[in-house]
Amino acid sequence: MNISIFGLGYVGCVSLGCLAKNGHKVIGVDINKNKVDLINQGMPTIIEKDIDKILKEQFDKGNVSATMDSSEAVRDSEVSIIAVGTPSTINGHLNFNYIFKVAENIAEALISKNGIHIIAIRSTVLPGTCDKVASIIEKVSGKKRNEGFMVVDNPEFLREGSAVEDYYNPPLTLIGSDSDYAADKIASLYSNLPCEIVKTSLEVAEIMKYVNNTYHALKISFANEVGNICSSLGVDSHEVMSIFCKDKQLNISNYYFKPGFAFGGSCLPKDLKGLQMLAHDLYVKTPVIDGISVTNENQIERAIMMIQQYAGKKMGFLGLSFKEGTDDLRNSPAVRVIESLIGQGKDISIYDKNINLTILTGTNKDYIEARIPHLSKLLVSDLDTIISENEVLIVCTKEYEFTEKLSVIEDKIIIDFVRLHETFLNKKNYIGINWGHFSTNNYTYISTEDTVII
């Protein structure tokens, strides 16, 4: 395939060489003459292991070249990859002007070009950037999106110092597009790589690099805070974290990475507080670890704000314990939410088969009577009854019976804190705590088809 790459910095240079090595003919584009001259001498624009050998080899074969002429590059290629920088502004926002300028240059070249041209953005961008690029190209070229041209987001995950190794051994290849044709075309560039090719929406692909790198920063900061605590105790922090990483079922896994309701129960809140107090007593600052409980409180507040949209309606809570399959009410976020709403005078009833069973058998009964007797009076013993008697149904635990019963409900509002099932996402009467478009600003919920402002 003939490919043009706009931007001959780190990502552009590595992509240029590696795509050429994979059998493609690649032309680089840059406004910096020195970079263009280096590529046209078979030399890299960066210092990076192995890229010099790859570029020299591919240059000698006639597979790589560079130019300052955007029109020439677009005319002679089927796909244009945008790999220019997105530097931070003085206040921390990202500057996308380089991307938008490239989009204008590509659009001008497309005016006189026939056939479909695909633009793949490798630069790190925010959700909505690809749509902005498409709008610019439509306006300048006069061509229609997904007819004369297509835009794809194809974020890179290359680490400096091991970029070539990362290119050929990625954890996955991510392609965001609203065109199957364009997504398949870009996917073919990576068909020989030993990884899964994931195709998704533009918005999901656009945000992934920020999520990834923020999490990497979080891991480093978390490990450093653990190290600081261990150091103050004379404990080997590297051995601690080495053992921590051996647990692939919970610690290094996808088990807890499911956005939704706040955490609760007997272990997480207690042990988090214990580590926080240990650090405090050792005079060790741990803002990352301290921030965990702040974030959890914020999630509880978010849940309350979502429900407050429906003030005056009868509310039924499905689930009271801190998670499904248990009767443990200790630090249950559902209890916190319900208590707050009761204080506001809301009309509430609760169903939880595990709590009902607890009351009948006597297990955990003392806790209920001592700590939350006011809530036990609100318990309803029959799921069908609570569904029929309430206008708003709030799902706090992921029980199968809730999915089964609520899937056919159309005349009541369903607020879901646990993501019951994917089939609910298209229901007009359904809101998820971390999915859909709920904004806590002015209590605005935006569904896929309607806008409701309270």
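**Figure 1. Phe424 and Tyr430 in the predicted model.** Phe424 is buried, its relative accessible area being 1%. In this predicted model, Tyr430 is likewise assigned as buried because its relative accessible area is 3%, and buried means under 20%. The ring centres of Phe424 and Tyr430 lie 5.6 Å apart and the ring planes meet at 40°, so the pair is classed as tilted.

**Figure 2. The aromatic pair of Tyr351 and Phe402.** Nine aromatic pairs are counted. One of them joins Tyr351 to Phe402 in an edge-to-face arrangement, with 6.2 Å from centre to centre and 70° between the planes. Tyr351 belongs to strand S10 (residues 348–351) and Phe402 to helix H18 (residues 400–406); the pair therefore ties together parts that are 51 residues apart in sequence. Tyr351 and Phe402 are both buried.

**Figure 3. A cluster of tyrosine rings.** Tyr167, Tyr168 and Tyr190 are linked into a cluster by ring pairs.

**Figure 4. The crossing of helices H5 and H6.** Helix H5 (residues 97–110) and helix H6 (residues 129–141) have axes that come within 8 Å and cross at roughly 35°. This crossing of H5 and H6 is right-handed. From H5, the contact is made by Ile99, Phe100, Ala103, Glu104, Ala107, Glu108 and Leu110. From H6, the residues in contact are Thr129, Lys132, Val133, Ile136, Ile137, Val140 and Ser141. Sorted by class, the contact of H5 with H6 contains nine nonpolar, two polar and three charged residues.

**Figure 5. Helix H5 and its surroundings.** H5 has 14 residues, which at 1.5 Å a residue should span 20 Å; the C-alpha atoms at its ends are 20 Å apart, in agreement with that expectation. The buried residues of H5 are Ile99, Phe100, Val102, Ala103, Asn105, Ile106, Ala107, Ala109 and Leu110. The elements against which these buried residues pack include the strands S1 (2–6), S4 (79–82), S5 (117–121) and S6 (149–153). Helix H4 (70–75) and helix H6 are also among the elements packed against the buried residues of H5.

**Figure 6. The whole chain, as context for the close-up views.** The secondary structure of the chain consists of 18 helices and 16 strands. Along the principal axes, the C-alpha atoms fill a box of roughly 80 × 60 × 40 Å. Of the 454 residues in the chain, 46% are buried. Among contacts in the chain with a separation of 6 or more, 66% are between residues 24 or more positions apart.

Terms used
Residues numbered from 1 in each chain as written. Predicted model: local features only at pLDDT ≥ 70, side-chain atom pairs only at ≥ 80, totals over all residues. Heavy atoms only, no water. Axes fitted to C-alpha atoms, helices over the stretch in contact; angles between N-to-C directions. Helix = DSSP H or I, 4+ residues; strand = E, 2+ residues; numbered from the N terminus. Left-handed = near helix turned anticlockwise from the far one by under 90°. Contact = heavy atoms within 4.5 Å. Nonpolar A, V, L, I, M, F, W, Y, C, P; charged D, E, K, R; others polar. Expected span 1.5 Å × (residues − 1). Buried < 20%, exposed > 50% of the residue type's maximum accessible area, 1.4 Å probe, protein only. Phe/Tyr/Trp six-rings, centres within 6.5 Å; stacked < 30°, edge-to-face > 60°.
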